[in-house]
Amino acid sequence: MSPLELFRRNQKVTMTFLILLAMFAFVVLPTVSEYMRRTGPGMTDPVLAEFNGVSLTASRVNGFTQKHYATVQYLRKLAEETIRRGGTPKVPGFTFDQQSNQIQSVGINGSPSDDMSIRTLQFAAEAQEQGFALDDTSLDIWMEQFTDGKLSEREMFALLRRETNNQMGQYQLYDMLRKQLLANLYLRGASATVARGQFPLQSPLDHWNNFLKLNQKATINAYGVLVDDYVAETDANPSESEVVAVYEAGKDRYPNDQSPEPGFRRRETASFEYVLGELQAFRDAEVAKLSEEEIKAEYEQRKAGGAFQLPADVVILPETTEPETTQPETTQPETTQPETTQPETTQPETTQPETTEPETTQPAEPGESEPAAADESKQMKDETADEPPAEDTPAADDSESAEDTRAAQQEQVEAFSKELEEAGNLDDATGDSGDQSAIAPDRNGVRLVVMQSDVSTETAAPQQDEPQQDEETATEKTEPETASAESETAAEPETSAEETATEEMEAAEPEPRYRPFEEVRDQIAQTMVDGPAREARDQAIAKLRNVMRKYSRARAIYGDGTDATTPPPERPNLKALAEELGLSYRKIGPFDPVSLADEPIADSVEESTALTQRGVPFAAMMFGVEGQVIKQERFTPATSVDLESQRTYLSWKTEEKEAYTPELDEVRDEVVAAIRFAQARELAKQAAEAMAETANSGTSLEELVPEDRQENYFKDLGPFSWLNMVGFGSFTIGNIPELDSIDEDFMKTVFNAEGGKHVVAPNGPKRVYYVIKRTSLQPATSDLRAIFSQQSERIMAMFMSDGTAGKVQQGFFETIDEKTGFEQYQLPQ
């Protein structure tokens, strides 16, 4: 009989078996597996809370928290897929930011924690007791609205199994959604009488007062009376009953430097080992391997590509060229070469600047004009010798435009000398009243370029085979008194000559200038090795990480040595390995999450989340965040990075100690210090009130400040408002950076003070008592009323609450706790 025939005969039995197997795998097995993980030999399951006779054990609460977290993550993925397919979740409470394209809320509580889990179970049970219920059909509708009909039921639950690694099925999801939605419905009862949608309920007077907190600004003078100055005047030996009373009040409270209440509970602490891979150290090591020739070659290559070029409009000051004028020029000796005796012919191919100078000394016609011509040539030669930068500035001596320019200059000099000789008036042309200023050396170091432009202008006409026009132009230059008679005939060709000269000057652009090699050498070397340095650092970190992981796995298998029958694995010497790999090593601790903030490693975040907006800080990695981040186990390597300082950390936790409540003897000194500090507060308050009374009697506050406490006096602070808006619907206390930890009570005292009166207000932790005088309050009340009359200006004040809503909600919770007999317990240490 074939297998297919056998299956056909037993089809109903086989299908029933497969269905039962699927139910067991996806419903029963995850629950049994979770129970077996949490209850085993040596495992304890303490009770965290009780209500209505129901005990919430640690395993149940923790399991609920994990499922809550998994549900939130699944709903985020489901919402992203719905939006990708063109839909929008339409369940109450879902919010999506169109600007940042981020999901802000998925419709249920998005902050899983053990405390929130306890409250959710409590409120969901109360909602069911009052008759509220959600069956599977209602939840099917909710899921269909969430997906906007874009995903089928099969697709939804396939995504659920994939996102939760088969730890959750439809039953677990619906159970979580049912409890979350019922708890949310019940919780709305606490807000029904204190809020209207997003706006807290408030009277018109409350609205006006909130508007003033945002828009009214004060300026003050203040002097701070320090509580520390009066501790020495208190009783160093308080009574035992007082010590016990203070200890009992603060033994389960963590210390907080922003609270006046003392706390003595010890936070969780840990010690760490870490190695640091600093990118700059690896760059320096790679730079040391480069030769000077390699760096220079890179410089030349980059320079050829246009790097390091100075701006073209940089002007060299004359002072920088003066030392060069004292040095012998190569053109000076060449003036005595036989070329000076050659006939009056000019070769256009001659491109050397020095050849233009001796040709001005060609023989002149016999007569007394010959010495003058020699003086003229010598004058122009000296001018050229005094201006070497102008002759050296062309970008390319072998370019065609530069050759044409120099040839034109040579032709003009020869033509100019010839015309002067023919006119027989060379003395007048080169005399003091002639055009000597046109060719005389200029002391500013830039005249030569202008002269060349003029010369080029004059040579334009001869190049166009118009000698008569060129002669008229030269005469016009040398005899200003006759220029007006011939200006009209020379105007049109002269304009064309100017355009030609401009084009020639543009063609002869100055040679590009570059930053010197010595100035950019280090920069080039660092960029040359950036890639190899990163690769070397990453390889060193990876090599050491493998060593640490190997030890961590061996320790998990063979234990840490507490079992005498199993020897522990050998712990690697991170310090020696770090030195070998070019890394830095440090051992720090013990630290708690607060004190760890002062360490550089605290600025790093978990490597895989470094480029996201929610990078996991190092402290959260090591100590965990309830319901969000799992605490790192001992000797488990973790990689974190500080992108700003380009540092990579490889660390693990070597020792840890759980939070605990210390005995009185352990913290007796702290308790006594807290008692004495409380007594000193009263003394500081009395001193501040006495100073304010004296100042109100007519004495200036500034005169009452002791000489050794002048740094505690602040004048003209502000203007500042009572509250600042830091986001839509979010507010914080006004900013006065000069003062220490001011709070709501401080602002209330300042803004409610009578004009000109000195008042006293402590800061938040009550370690400073300020004597305050308000010197101004702006704007005027009439102006504020005009602004308040505009709805757009007062809408932000509608989001503010005076604290009444919080008090009502707190009273609601207390009533529920009393009704249900709610008790919450601390975890045993």
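1. (A salt bridge here is a side-chain nitrogen of Lys or Arg within 4 Å of a carboxyl oxygen of Asp or Glu.) The pair ties together distant parts of the chain, 298 residues apart: Glu-273 belongs to strand β8 (residues 269-278), while Arg-571 is in the loop between α22 (530-558) and α23 (574-581). Those element names come from DSSP runs numbered from the N terminus, helices being H or I with at least four residues and strands E with at least two.

2. A word on what you're looking at: this is a predicted model, where local features need pLDDT of at least 70 and side-chain atom pairs count only at pLDDT 80 or more, while totals for chains, interfaces and linings use all residues. Residues are numbered from 1 along each chain as its sequence is written, and side-chain values use heavy atoms, leaving out hydrogens and water.

3. Is Glu-273 buried or exposed? Glu-273 counts as buried because its relative accessibility is 6%.

4. How many salt bridges does the structure hold? There are 31. One of them joins Glu-286 to Lys-289, with the closest N and O atoms 3.3 Å apart. Glu-286 is buried at 16% relative accessibility, whereas Lys-289 is exposed at 61%.

5. Another one links Glu-81 with Arg-85, the closest N and O atoms being 2.8 Å apart. Arg-85 has 33% relative accessibility, so it counts as partly exposed.

6. Now for a sheet. Strands of a sheet pair through backbone hydrogen bonds, either parallel or antiparallel. In this model, an open sheet of four strands runs in the order β13-β7-β17-β16, with antiparallel pairing. (Two strands pair if DSSP finds at least two bridges between them.) The edges are β13 (713-721) and β16 (758-762), each pairing on one side only.

7. Take a look at β7 (residues 217-226): five bridges join it to β13, and the two run antiparallel. Which residue in β13 stands opposite Ala-222? That's Phe-714.

8. Finally, helix α27 (residues 744-752) lies across β7, β13, β16 and β17 (768-778), at about 45° to β17. Contact means heavy atoms within 4.5 Å; axes are lines fitted to C-alpha atoms, for helices over the stretch in contact, with angles from 0 to 180 degrees between N-to-C directions.

Notes: Buried < 20%, exposed > 50% of the residue type's maximum accessible area, 1.4 Å probe, protein only.
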